[in-house]
Amino acid sequence: MVRPDGARLTGPMTAGTTLVLGSTGKTGRRVVRALRSRGVPTRAASRSAETHFDWNDRATWPAVLRDVRAAYLVAPEEPDLAAEFVKTATAAGVERFVVLSGRGVDVWAQRAGADQSMIAAERAVRDSGAEWAIMRANNFAQNFSEDLYHAPLLAGRLALPTGGVPEPFVDADDLAEVAVALLTEDGHAGRTYELSGPRALGYAEAVDIIARASGRRMRFVELTPEQYEAELRADGVEDPWVGLYTSLFEVTREGLLAEPVDGVRQVLDREPTDFESYVAAAVAAGAWR
Ligand SMILES: NC(=O)c1ccc[n+]([C@@H]2O[C@H](COP(=O)([O-])OP(=O)(O)OC[C@H]3O[C@@H](n4cnc5c(N)ncnc54)[C@H](OP(=O)(O)O)[C@@H]3O)[C@@H](O)[C@H]2O)c1
């Protein structure tokens, strides 16, 4: 639609299909659920999702892009693939990208050996000529119930080199709500939102809250970076991953992620979910049974 002065008007993006990559992951599956509950036609894609998509198999790309107007992008491990995919997607008619990224990524991606996947995905959409919005998230609360920290907690001991520096963990349900707003509403084009929970808490405090709420014995052990690296190697973690995990905690120890930020309030006009509420919901769902 074109205004009399020639400017293009874009309505809320509810027509066309919305593509969700990483749709079986912590944020993606919540984004799919939230979009569908609002009646937005949604294509859920990943290697094991209802629509098959593999970053490493370009033959799977065209089908996921058919009739898509907006896409939620979880960065591929291989950084160069993001730009190639975004180029293919814009040529196929995708008008809007929402990228999941990490807080402080512009600082830590410059370090030797640092993971480049998220900064490359950000660059790909910024350079695309399409509308874009970026979500720079703190570490997710759900890491304790669905990811890296879950198995150690069930075994009773989570040991990390955090330097005692607290972090305002962000709830993946809040991230999904933000993603839906950025995918479907106007007014976010060209914006980069920093997203955290409402309060910074140390990992020891976080584990204590989970232990009390779940009734399980769990403790947090503070490690030196050298001890952490030795534990990762003893667990059979291989080289690039050892480097990645240890560099992530450098960022934590430097305090780059420690201050709460107001991106959730900016987008959703409400406070972010606090850690205790996340834990209560996860306990009710049987996360640490
Ligand atoms: N966890 C955190 O605290 C945190 C904080 C800030 C930023 N981030 C960023 O968030 C992103 C991860 O998002 P998430 O936690 O929502 O996802 P996730 O739980 O890590 O799951 C990864 C998703 O990607 C899909 N996937 C993996 N390899 C694929 C491939 N080759 N082709 C197609 N799909 C593939 C997986 O599905 P299939 O296995 O079915 O393919 C899954 O849906 C990463 O970029 C991470 O750096 C994480």
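Leu21 touches Gly28, Ala45, Phe53, Trp55, Tyr72, Leu73, Val74 and Phe85, leaving aside residues up to four places away in sequence, where contact means heavy atoms within 4.5 Å. The model is predicted, so local features need pLDDT of at least 70 and side-chain atom pairs count only at pLDDT 80 or more, while totals for chains, interfaces and linings use all residues. Residues are numbered from 1 along each chain as its sequence is written, and side-chain values use heavy atoms, with hydrogens and water left out.

- Leu21 lies in strand S1; strands (E, at least two residues) and helices (H or I, at least four) are DSSP runs numbered from the N terminus.
- Leu21 counts as buried because its relative accessibility is 0%, the classes being buried under 20% relative accessible area, exposed over 50% and partly exposed in between (1.4 Å probe, protein chains only).
- Between Leu21 and Ala45 there are 5.1 Å in space, C-alpha to C-alpha, although the two are 24 residues apart in sequence.
- The largest nonpolar core has 34 residues, and Leu19, Leu73, Phe85 and Phe97 have the most contacts inside it; such a core is a set of buried Ala, Val, Leu, Ile, Met, Phe, Trp, Tyr and Cys residues joined through side-chain atoms within 4.5 Å.
- At least two residues of this core come from each of several elements, including strand S1 (17-21), strand S4 (68-74), helix H3 (80-91) and strand S5 (96-102).
- Another core, of 30 residues, lies apart from it and includes Tyr149, Ile210, Val221 and Tyr245.
- Phe97 touches, among others, Ala71, Leu73, Val86, Val125 and Trp132, not counting residues up to four places away in sequence.

**Aromatic rings**

- The structure holds 18 aromatic pairs; rings of Phe, Tyr and Trp (its six-membered ring) pair if their centres lie within 6.5 Å, and planes under 30 degrees apart count as stacked, over 60 as edge-to-face and the rest as tilted.
- One of these pairs, Trp55 with Trp61, is edge-to-face, at 6.3 Å centre to centre and 80 degrees between the planes.
- Trp55 and Trp61 are both buried.
- One aromatic cluster is formed by Phe144, Tyr149, Phe169, Tyr203, Phe220, Tyr228, Phe249, Phe275, Tyr278 and Trp288.

**Pockets**

- The largest pocket has a volume of about 1700 Å³; on a 1 Å grid over the protein atoms alone, a pocket is an open set of points with protein on both sides within 12 Å along at least five of seven lines, a cavity is a set where a 1.4 Å probe fits but cannot get out, and lining residues have an atom within 4 Å of a point.
- Grid points are joined across faces, edges and corners, and a volume is the space filled by probe spheres set on the points.
- Of the 46 residues that line the largest pocket, Lys26, Val74, Ala75, Glu77 and Ser117 lie nearest its centre.
- H11 provides the largest share of the lining of the largest pocket, eight residues.
- The second largest pocket holds about 320 Å³ of space.
- Its lining has 13 residues, of which Leu148, Pro152, Tyr228, Leu232 and Asp235 lie nearest the centre.
- The largest share of the lining of the second largest pocket, four residues, is from S7.

**Cavity**

- The count comes to one cavity of 30 Å³ or more.
- The largest cavity has a volume of about 40 Å³.
- Trp108, Arg111, Ala114, Ser247, Leu248, Glu250 and Val251 line the largest cavity.
- Helix H11 (residues 239-253) gives the most to the lining of the largest cavity, with four residues.
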